[in-house]
Amino acid sequence: MQSQVGQLPSKIPFVGPVFAKRLEKLGIYSADDLLHHLPFRYDNFAQVAKIASLQEGETVTVQGKILEIKNQYTRRGFVLQQAKMADDSGTLDVIWFNQPFLTRILHTNDPTSLSGKIEKKGNKLILKSPKYEHLASREVVSRSYETTSQEMIHTGRLVPVYPETQGISSKWLRNKIHHLLATNLDQRLHQVHFPDSLEQAEQAREQLAFEELQAAFEKARKRKEEWQQKAVGRKFKIVEIRDQLTTFVKNLPFSLTGAQKRVINEIYKDLAREVPMNRLLQGDVGSGKTVVAALAMLAAHLNGFQSALMAPTEILAQQHYQTLTTLLAPLKIGVGLATGASKDYVNYDVIVGTHALIADQLKFKNLGLAVIDEQHRFGVEQRGKLAAKGKNPHVLTMTATPIPRTVALTLYGDQDMSVLDEMPPGRKLVKTWLVPPGKRDAAYQWIKDQHSQAFIICPLIEDSETLADVKAVKSEYARLQKEIFPNLKLGLLHGQVKDKDKIIDSFRRKKTDILVATPVVEVGLDIPDATIMLIEAADRFGLAQLHQLRGRVGRAGQQAYCLLFSDNSAASQRLKCLEKVNNGLELAEIDLKLRGPGQRFGASQHGQWELKIATLADLQKFSTIKA
Ligand code: ADP
Ligand code: MG
């Protein structure tokens with residue numbers, strides 16, 4: 001079910017290149033993807049009623065002939081479409097707004113089906129802005145002409161409503177999916193798109209979800225099998241280098257936490273084995289994953305191997321490069337940074353970079369260890385590509401995103417898990433408040449009084465930054481600078497900004513007081529002096545993600561604060577959990593519960609798990625069966 005990037009758009013029947021491009025925004029690359037693009041709800045137009053029996057307020061389908069249809073121009077420049085429809089029981093007035101093309105689509109005497117809400121105008125019933133569909137001109141689907149000689153898809157039934165994108169409407173999707181279904185025998189797909197009843201739709205959806213989970217589960221199992229069959233010549237000597245490792249640890253500016261020691265030992269055990277390591281290190285923001293990675297890299301170096309660390313953003317790669325240089329350069333270990341431009345990094349011992357690391361031109365001498373930070377930001381293929389730069393190197397992936405047990409069991413069955421469940425000492429909890437809208441000005445004043453550095457985060461509406469999102473953060477930045485904080489220096493950071501590192505650097509060096517940003521700062525950014533994190537429209541984020549965001553402040557052990565704003569009062573119970581709970585994994589579990597079982601992974605931050613159909617509830621059910 002996973003989309004194949006690079007597959008030609010023309011592979012989807014009935015879809016031309018322009019629409020294929022738009023479909024990519026919905027993650028649809030193939031006919032199969034399109035068939036698995038499920039409705040998020042159904043309009044119930046199943047009740048077909050005679051015109052004479054219509055009641056005000058009911059949602060119905062009426063079927064008959066158009067008696068007349070015309071455009072009516074109003075004085076204010078609007079155009080109404082007025083029509084009369086008749087069946088054998090009576091006539092009904094129909095009205096649409098600003099759809100002048102309708103007079104070219106719906107013709108007098110055409111048998112037509114209209115679905116919508118019956119309203120009262122004066123003492124007359126009218127049908128306002130109904131959905132419409134020709135009855136006669138549609139191709140014949142059913143073979144028995146005596147019963148229905150055609151299938152309605154936009155009216156007269158449970159009508160699927162889909163996640164849409166610019167230029168792709170539910171109506172368009174319905175047509176295409178209906179075409180594709182004509183040659184598809186899978187009843188579950190028929191029932192999920194054009195169900196006979198809501199029960200059947202849900203049953204079909206659940207079956208498809210289980211199929212998806214089963215496939216993901218099998219995939220992980222297969223990956224594990226393949227991995228274990230890899231013969232390796234990468235068995236690291238660990239006992240022999242123990243002294244050097246111990247000296248390194250002794251020279252650190254801090255002592256390792258118990259959890260760090262435990263995890264490092266787990267990693268060293270892996271490295272000393274024949275089978276290459278495939279371990280996922282999970283640890284809350286600030287739990288100290290980087291030094292664990294550095295210790296693994298040091299072991300690789302002492303065994304004569306190169307290592308690579310891949311990070312999802314340039315900001316983060318830059319930061320890791322600096323950290324690793326500080327840690328490893330004194331030991332005469334050459335640390336290199338691979339950014340966009342291609343270069344030969346063959347001579348560095350440790351190479352840090354973004355996905356530039358997996359570019360074909362980039363060659364390694366003898367890559368023995370691949371580390372992938374914030375692994376969920378990379379696809380399975382990208383991770384595989386980095387590993388393929390060496391001869392079955394050991395692989396360590398790291399994430400601050402908590403992975404609930406159910407998810408780990410189902411989707412990460414191939415990886416061994418390590419958890420950093422202990423914070424370095426002296427960390428203060430970030431004091432968190434959900435601020436009522438009425439206290440916004442007071443909050444701004446409070447920020448001024450703190451004389452400290454602050455982040456102000458404006459959310460993204462979609463996964464990737466769109467122009468509208470950027471505009472939102474730009475105008476908020478302008479508003480804050482001009483009206484709220486005229487005496488402070490503000491910086492602006494989002495994905496499309498050119499000199500990201502300059503902006504971050506000026507923030508780090510306190511040349512800027514407040515950084516207005518999209519969640520590009522979410523992953524890993526380390527600004528020691530910032531103590532305030534203000535988050536707009538916090539309800540758009542998952543709890544675990546908010547937790548990651550607040551992990552950006554108080555990094556040097558000061559008391560730090562997180563202010564959450566939200567206009568959505570329905571979300572306040574969920575957001576208030578952040579005031580009390582301080583553990584990422586626990587917050588993720590709460591999110592699973594509070595966001596409701598219907599929450600789909602694809603539509604949320606859980607999109608990282610690459611599930612399109614399965615909901616959290618499905619996953620929970622599935623993992624109970626598998627456990
Ligand atoms: P993350 O797990 O979020 O990647 P980092 O590796 O960036 O966390 O570590 C966060 C900060 O904590 C860094 O400044 C690092 O030097 C520091 N740190 C890591 N381990 C310890 C420790 N055992 N004691 C004190 N500080 C530590
Ligand atoms: Mg990190």
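What is the volume of the second largest pocket? About 900 Å³. This is a predicted model, where local features need pLDDT of at least 70, side-chain atom pairs count only at pLDDT 80 or more, and totals for linings use all residues. Residues are numbered from 1 along each chain as its sequence is written.

**Stop 1: the pocket.** Select G288, T290, R427, D526 and R555, the closest to the pocket's centre among the 37 residues that line it. (A pocket is an open set of points on a 1 Å grid over the protein atoms alone, where a 1.4 Å probe fits, with protein on both sides within 12 Å along at least five of seven lines; lining residues have an atom within 4 Å of a point.) The lining holds 13 nonpolar, 16 polar and 8 charged residues, with Gly counted as polar.

Stop 2: Colour domain 2 (230-420) and domain 3 (431-594); both give residues to the lining, so the second largest pocket lies between them. Next, show α9 (289-302) and α10 (314-328), which each supply at least two lining residues. α10 gives the most, with 7. (Helices are DSSP runs of H or I, at least four residues.)

**Stop 3: ligand 1.** Select the 16 residues that surround ligand 1 (a heavy atom within 4 Å); the closest are Q260, G286, K289, T290 and R427. Now look at polar contacts, pairs of N or O atoms within 3.5 Å. A polar side-chain atom of Q260 sits 2.9 Å from a ligand 1 nitrogen. The T290 side chain places an N or O atom 2.6 Å from a ligand 1 oxygen.

Technical notes
Chains lettered and ligands numbered in written order. Heavy atoms only, no water. Points joined across faces, edges and corners; volume = space filled by probe spheres on them. Domains from an automatic or database assignment. Polar contact = N/O pair within 3.5 Å; in protein donor to acceptor, adjacent residues only side chain to side chain.
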